[in-house]
Amino acid sequence: MRKTWSIALAIAILAAAAAAAAPAGAAPETVKWGPCPADAAAPGLECSTIKVPLDYDDPGGKRIDIAISRLASKNPGQRRGVLLTNPGGPSAGLKFPADLRTAKMPQSVLDSYDLIGFDPRGMAHSTPVTCDLTPEQSAVGNVPPYARDAADVAKRAEQSKAIARQCATSKSAWMLPHVSTANTARDMDSIRAALGEKKISFAGYSWGTHLGAVYTTLYPQRSDRIMLDSNVGPDGWDYANDRLYAQGFDDRFPDFAKFAAAGSATYGLGNTPEQVTAKYFDLAARLDKAPVRDIDGPTFRMLTYGFLFSDAGMPLVGKIWQALDKDQPLPPLGPGEVPGVENLVSGRYYMICNDSRWPGLVGTYQRTVAIDRLRHPMFGAAGANVQPCAFWSAPADPPVRVGDRGPSTVLMLQNQRDPATPLAGAEKLRRAFGDRARMVTVDAGGHGVYPYVGNKCADTAATTFLLTGQRPKHDLACAAEPR
């Protein structure tokens, strides 16, 4: 985000702040709960749909659907309100309340709140968007492919131009200027109004932390208890955030190196962490020259990165390396195609590309890829590569500047070695919030803290906050605990 601002941009920000102070565009309505769609169905989970303005500057104009869900408290005497949730992505969130229950969210929290999920605008069962992506285009995850050289960057740029063009000319292009984090936060306030609540609490993960930060910035007096887990920086998902993936890989990889060295008899990748690290560079170089089992160097790096989001993925990473090292059949890598993936990937592009401006020159990416390849040789040339946002046609939504003005009702949770949302980004958000926030860091690796890591220190802090509103007096560092 630029440090200097034009007068026009400053006016736009003030206009956005003034609009945020007004009531949400969706009039209060009685939500009629019923069965959930088949792909979001879970015991006890109810679903509904509300109407919200496509354009909050024109609240009387066209309206779109937002799909919402509820996992209701079964203890009316203990219920204190609603807890909106978001799993990150950006992705579908209709089933997320049930997923939190499965992940062992404490029963005391489930009793205290109706957990509310929703599909963000443009995604899944909300009014959907499309970029008419091919299966190959839909297969690229949140991180662009590792670029071995400038030619790889140029190739990815052409692919990104095609995607941006498809998004701008698709049948849902009429929604293109209106899918953004700020408008999704306004949809959250429309959900609040539809549920008849004066305030809402929120539990957001990964990209959902940016959504929560934007919501509590736009609506500080309607924010009850805001819990942000695995945090994106204050500027959200922009090009600087993409480049942080390299730091996340550097932070996380030593955990795997220790794991593989301890299991050297099983995996044969090295007897010490240093030997395992050397094996990574050896395999990457070999696969850059000649793929094995259709796995080339960039794919090898991406597989390693993706399966280190949790400790449970480490054995699979070891087996993948072992198979590639010996040219043996690969282990099963997952369930296969994700239902509705084209819409989810398209919606992600709509959301992040509308949120901020990205460099538009291919040469800029070629230079930064070369720099990050030297600074972070394990993975730097992936996050610095090109996204379709570089060639986006819709104007960026006026940025919401996260700051320290508002009630002190934010609790941040963060693993020290998170590959997807590194500690460095969380620390920037913590500084931006000032005294509005407290941060709990955990001596652990992986993506997601509460209740996923099972660290009693962090879990106690989070549960206490959600139940009582009490935060640690100061930022809290939780020591490692046995899994």
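**Loops, cores and helix pairs**

Start with Ala124, in the loop between β4 (113–118) and α4 (135–138). Helices (H or I, at least four residues) and strands (E, at least two) are DSSP runs, numbered from the N terminus. The phi of Ala124 is positive, near 55°, and the residue is not a glycine. Ala124 counts as partly exposed because its relative accessibility is 27%. The cut-offs for relative accessible area are under 20% for buried, over 50% for exposed and in between for partly exposed (1.4 Å probe, protein chains only).

A word on the source: this is a predicted model, where local features need pLDDT of at least 70 and side-chain atom pairs count only at pLDDT 80 or more, while totals for chains, interfaces and linings use all residues. Residues are numbered from 1 along each chain as its sequence is written, and side-chain values use heavy atoms, with hydrogens and water left out.

Next, select Lys104, in the loop between α2 and α3 (107–112). Its phi is also positive in a residue other than glycine, near 75°. Lys104 counts as exposed because its relative accessibility is 67%.

Now the cis bonds. Select Gly89 and Pro90: the peptide bond from Gly89 to Pro90 is cis, with omega near -10°. Pro90 sits in the loop between β3 (81–86) and α2 (96–102). Then go to Tyr450 and Pro451, joined by a cis peptide bond with omega about 0°. Pro451 is in the loop between β8 and α17 (456–468).

**Helix α10 and its partners**

Select α10 (residues 273–289) and α12 (residues 314–326). They pack at about 50°, with axes 11 Å apart. Axes are lines fitted to C-alpha atoms, for helices over the stretch in contact, and angles run from 0 to 180 degrees between N-to-C directions. That angle makes α10 oblique to α12. Angles under 35 degrees count as roughly parallel, over 145 as roughly antiparallel, 65 to 115 as roughly perpendicular and the rest as oblique. Show the side chains in contact (heavy atoms within 4.5 Å). On α10 they are Val276, Lys279, Tyr280, Leu283, Arg286 and Leu287; on α12, Trp321, Leu324 and Asp325.

**Into the core**

Which residues have the most contacts inside the largest nonpolar core? They are Leu84, Phe253, Phe256, Phe300, Trp321, Trp392 and Phe433, in a core of 102 residues. A nonpolar core is a set of buried Ala, Val, Leu, Ile, Met, Phe, Trp, Tyr and Cys residues joined through side-chain atoms within 4.5 Å. The largest share of this core, eight residues, comes from α8. Zoom to Trp392: leaving aside residues up to four places away in sequence, it touches Ala164, Cys167, Leu176, Tyr349, Tyr350, Cys353 and Asn354. A second, separate core has 34 residues, including Tyr113, Val453, Phe465 and Cys478.

**Last stop: α16**

Select α16 (residues 423–433). Its buried residues are Leu423, Gly425, Ala426, Leu429, Arg430, Ala432 and Phe433. Their cover includes α7 (207–218), β6 (223–229), α8 (239–262), β7 (410–417) and β8 (437–445). Finish on Gly434, which follows α16 and has a positive phi near 60°.
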